[in-house]
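Visitor: Hi! I'm new to this one and would like a tour. Could you show it to me and then walk me through it?

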Amino acid sequence: MTQDETRQAILDIIAEIAPDEDLRNLDDDRLLSDQFGLDSMDFLDIVLELRKRYQINVPEDEYPRLQTMSSTVEYLQPHFASA
Amino acid sequence: MAGDTIVMTGVGLTSPIGDDLATYRKNLLAGVSGVTWIEPRYMDRVPAGVCNFEATRYQKRKEVRRGTRAGSISIYCAREAFADAGLEMATLDRSRVGVFVGTTEHGNVETECEIANIKEFDYDTRYWTHHHNPRTVSNSPAGEVCLNMGIHGPHLCVGSACAAGNAGVIYGMQQLILGDVDVAICGGVSESIHTFGVFAGFRAQTALAMHEDPTKACRPFDQDRTGIVVSEGGCLYVLERRRDAEARGAKIYAEVAGYALNTDATDFVLPNAERQAECMTLAIQRAGMTPDDIDLISTHATATREGDIRECEAIRRVFGDEPKPLINNTKSFIGHAMGAAGALELAGNLPTFVDDLVHPTINLDHIDPACELPGIVSGEPCEAKGARCILNSSFGMLGINAALVVKRP
């Protein structure tokens, strides 16, 4: 997967978890929680969807890597590349 | 009853034949059935009552996704009832509002969905959702209402099988009488059509209705009945003390004059006419009335042979061999809305106090001789000029009986 494809895959998951939000103005460097009101249960949804859709397991101590779109793509890119 | 008089000032409902009281009443008077075919998971088609209310009228899509169907039904009914009562949260003490939602069961839908989900992953429980516990705790539907409306008073679900609609109203009025709340949002809901287990369970009991025409599947008191039609639904009322309601000039639908809850303690499933009769009698006595004061009996009859016959026997025990009141049944239109049944069936009859009509029981083509009561209104509505009092009965598994007596305001 390219970096853009990885970003799109994450965006698709967020779109499902936050269906009321307009994701077109997403700022990749701002906290996802601030932009879309995502709480801890939403981040667990992101983790669960990554496991379901891409068999990627994010260990609990690495959850902080999912705070912004940029950090998420950076963290997940190697996982997607090998997926 | 001693102390405060409790009145109904708002009605919010969703049913297979209408998502507001006016539409629901119109279809009851017109004889319109709301039963259709559905296909539960793992099963062939079955007749069922389906609701089509607009959940996103009061919830964000994210709330719908995170919550439960029972929660969505409860929120819709609570918000509709609250608006109908002319109340505004901004002018109320939020800690003095309570939410009491009767439920037959809760959590089966969510559990079945998750088991189907992890089946896709070879039953690896790491794929089980973290939403499972908040969705399935037994206060969940009432708690969702409080989250949605910003209510800080007490909330709970009143688990009471198919007596839950009445039991929810009773709990709400008791909270008002105790002085613990000033506004009670209460009644019952059911999302049971989304769990195959409820259908498969009734089928295993040989109590699930079947008919080539789903609109004719629910046939209380009829010789050719085949059992229960499971339905979705919800009905929540706003209850207040009469003096509070009158002080703010609220419209009053009815006074809840009497109530009773009791228990058979004879069987898990089979009803007990003697205890049912005691329940009805107690509700009438608490209303300060005698059976002669009742103008209409809104029956529970679910179209099972045992259930229908024993309820008719209970009615004869209370009202004599030739009962004087008119008698009708709402399940014949909408099926058995389980936890919502008692509340929805009462709501369909409340407009009698305004339009002086009684809606009929439909699908009653050949009456079971054991159910032949003179007052049964069949096929067409009838006039009931000046009708003052309605007895509304609900009975559930494990022998729970609940009766309400409401009177013209």
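Guide: Happy to! One term to begin with: helices (H or I, at least four residues) and strands (E, at least two) are DSSP runs, numbered from the N terminus. Two strands pair if DSSP finds at least two bridges between them. This is a predicted model, where local features need pLDDT of at least 70 and side-chain atom pairs count only at pLDDT 80 or more, while totals for chains, interfaces and linings use all residues. Residues are numbered from 1 along each chain as its sequence is written, and chains are lettered from A and ligands numbered from 1 in the order in which they are written.

Visitor: Thanks. In what order do the ten strands of the open sheet come?

Guide: In chain B the order is 5-4-6-8-1-9-15-14-10-11, and the pairing is mixed. At the edges are strand 5 (155-159) and strand 11 (326-328) of chain B, each of which pairs on one side only. From one strand to the next, the twist averages 25 degrees.

Visitor: What holds strands of a sheet together?

Guide: Strands of a sheet pair through backbone hydrogen bonds, either parallel or antiparallel.

Visitor: And in which sense do strand 6 and strand 8 of chain B pair?

Guide: Antiparallel: strand 6 (residues 183-190) and strand 8 (residues 233-241) of chain B are paired over seven bridges. B:Gly188 is opposite B:Cys235 in strand 8 of chain B, and B:Ser190 has B:Gly233 of that strand as its bridge partner. Strand 8 of chain B is also joined to strand 1 of chain B, by eight bridges, and these two run antiparallel. There, B:Gly12 has B:Leu236 as its bridge partner.

Visitor: How many residues of strand 8 of chain B are buried?

Guide: Nine of its nine, so to count as buried a residue needs 20 or more other C-beta atoms within 10 Å of its own (12 or fewer is exposed, in between is partly exposed, and C-beta atoms are placed from the backbone). B:Gly233, B:Cys235, B:Tyr237, B:Leu239 and B:Arg241 point one way from strand 8 of chain B, while B:Gly234, B:Leu236, B:Val238 and B:Glu240 point the other way.

Visitor: New topic: where are the domains of chain B?

Guide: Domain 1 covers 6-247 and domain 2 covers 258-407; such bounds come from an automatic or database domain assignment. The C-alpha centres of the two domains of chain B are 21 Å apart. Their contact takes 57 residues from domain 1 and 51 residues from domain 2 of chain B, with residues in contact if their C-beta atoms, placed from the backbone, lie within 7 Å.

Visitor: Which helix gives the largest share of the domain 1 side?

Guide: Helix 7 of chain B, with eight residues. That side of domain 1 of chain B divides into 29 nonpolar, 21 polar and seven charged residues. Here Ala, Val, Leu, Ile, Met, Phe, Trp, Tyr, Cys and Pro count as nonpolar, Asp, Glu, Lys and Arg as charged, and the others, Gly among them, as polar.

Visitor: How many residues are in the largest nonpolar core?

Guide: It has 125 residues, and B:Ala81, B:Ile185, B:Leu239, B:Val256, B:Ala283 and B:Ala347 are those with the most contacts inside it. Such a core is a set of buried Ala, Val, Leu, Ile, Met, Phe, Trp, Tyr and Cys residues joined through C-beta atoms within 7 Å. Helix 3 of chain B gives the largest share of this core, eight residues.

Visitor: Why does this core lie between the two domains of chain B?

Guide: Because domain 1 (6-247) and domain 2 (258-407) of chain B both give residues to the core. Leaving aside neighbours within four places in sequence, the contacts of B:Val256 include B:Ile6, B:Met8 and B:Leu404. A second, separate core of 13 residues includes A:Ile13, A:Ile14, A:Ile17 and A:Leu32.

Visitor: So what does the contact between chain A and chain B take?

Guide: Eight residues from chain A and nine residues from chain B. The chain A side divides into five nonpolar, no polar and three charged residues.

Conventions: Axes fitted to C-alpha atoms, helices over the stretch in contact; angles between N-to-C directions. Contact = placed C-beta atoms within 7 Å.
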